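User: I have a structure open here and I am new to it. Can you walk me through it?

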Amino acid sequence: MIDRIRNDASAALKAGDKKTAEALRLLYSALKNAEIESLGTLTEEQSIQVIKKEMKKRVEARDLFAANNREEMAAQEEFERSLYSQYAPAELTAAQIDEIIAMVASSVEEVTFAKLMPLVMKEAKASADGRLVSER
């Protein structure tokens, strides 16, 4: 994953797309920092978690900029988030999450939020937004 992002950043720079190249460099940097912290190479799942974390940061920043009438900065954050989403698996829909919840709930004796939430997140892996799962 890291090599793919580095290659895409180089290709964007060669094509003259500085905006994309800079955004991919930020993502590459986040992945390299996570790799250094883990003292080894990242697995595909760990890389996806880092990408999702960076996407979440961009959403939060975009919302703050939009709330403070900084539309240009909000647009930049949204651009970066959409670019990063190309490297993450597609999010599950609410209906798919409901199916996972029903499946997990049928296998658990006592259905409580505290018992169900971690099992649903484990089953959904990195494809579900924790906030959406929590709401469902």
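Analyst: Let me start with a pair of helices. This is a predicted model, and in it α2 and α3 are oblique to each other. Their axes come within 10 Å and cross at roughly 130°. An angle over 145 degrees would count as roughly antiparallel and 65 to 115 as roughly perpendicular, so this pair falls under oblique.

User: What is the handedness of the crossing of α2 and α3?

Analyst: The crossing is right-handed.

User: Which residues meet there, in α2 and in α3?

Analyst: From α2 come Leu26, Leu27, Ala30, Leu31 and Ala34, and they meet Ser47, Val50, Ile51, Glu54 and Arg58 of α3. Sorted by class, this contact has seven nonpolar residues, one polar and two charged.

User: OK, stepping back. How many helices and strands are there in the protein?

Analyst: Seven helices and zero strands. Read from the N terminus, the order is α-α-α-α-α-α-α. The C-alpha atoms fill a box of roughly 55 × 40 × 25 Å along the principal axes.

User: What share of the residues is buried?

Analyst: Of the 136 residues in the protein, 32% are buried.

User: And for contacts between residues at least 6 apart in sequence, what share joins residues at least 24 apart?

Analyst: That share is 55%.

User: Now the inside. Which residues of the largest nonpolar core touch the most other members?

Analyst: Ile5, Leu27, Leu31, Ile51 and Tyr84 do, in a core of 17 residues. The elements giving two or more residues to this core are α1 (2-14), α2 (18-38), α3 (44-67) and α4 (71-85).

User: Which of them gives the most?

Analyst: α2 does, with six residues. Apart from this core lies another one, of nine residues, including Leu92, Ile97, Leu116 and Ala124.

User: Something else, then: Glu77. Buried or exposed?

Analyst: Glu77 has a relative accessibility of 12%, and buried means under 20%, so Glu77 counts as buried.

User: Where is Glu77, in which helix?

Analyst: Glu77 is in helix α4.

User: And what does Glu77 touch, not counting residues up to four places away in sequence?

Analyst: Glu77 touches Arg58, Ala61, Arg62 and Phe65. Arg58 is also one of the α3 residues that meet α2.

User: Last topic, the loops. Which loop does Leu39 lie in?

Analyst: Leu39 lies in the loop between α2 and α3. Its phi is positive, about 60°, although Leu39 is not a glycine.

User: Is Leu39 buried or exposed?

Analyst: Leu39 has a relative accessible area of 79%, so Leu39 is exposed.

User: What about Asn69: what is its phi?

Analyst: Asn69 has a positive phi too, about 55°, and is not a glycine. Asn69 lies in the loop between α3 and α4. Its relative accessibility is 67%, and the cut-off for exposed is over 50%, so Asn69 counts as exposed.

Terms used
Residues numbered from 1 in each chain as written. Predicted model: local features only at pLDDT ≥ 70, side-chain atom pairs only at ≥ 80, totals over all residues. Heavy atoms only, no water. Core = buried A, V, L, I, M, F, W, Y, C linked by side-chain atoms within 4.5 Å. Buried < 20%, exposed > 50% of the residue type's maximum accessible area, 1.4 Å probe, protein only. Helix = DSSP H or I, 4+ residues; strand = E, 2+ residues; numbered from the N terminus. Axes fitted to C-alpha atoms, helices over the stretch in contact; angles between N-to-C directions. Parallel < 35°, antiparallel > 145°, perpendicular 65-115°, else oblique. Left-handed = near helix turned anticlockwise from the far one by under 90°. Contact = heavy atoms within 4.5 Å. Nonpolar A, V, L, I, M, F, W, Y, C, P; charged D, E, K, R; others polar.
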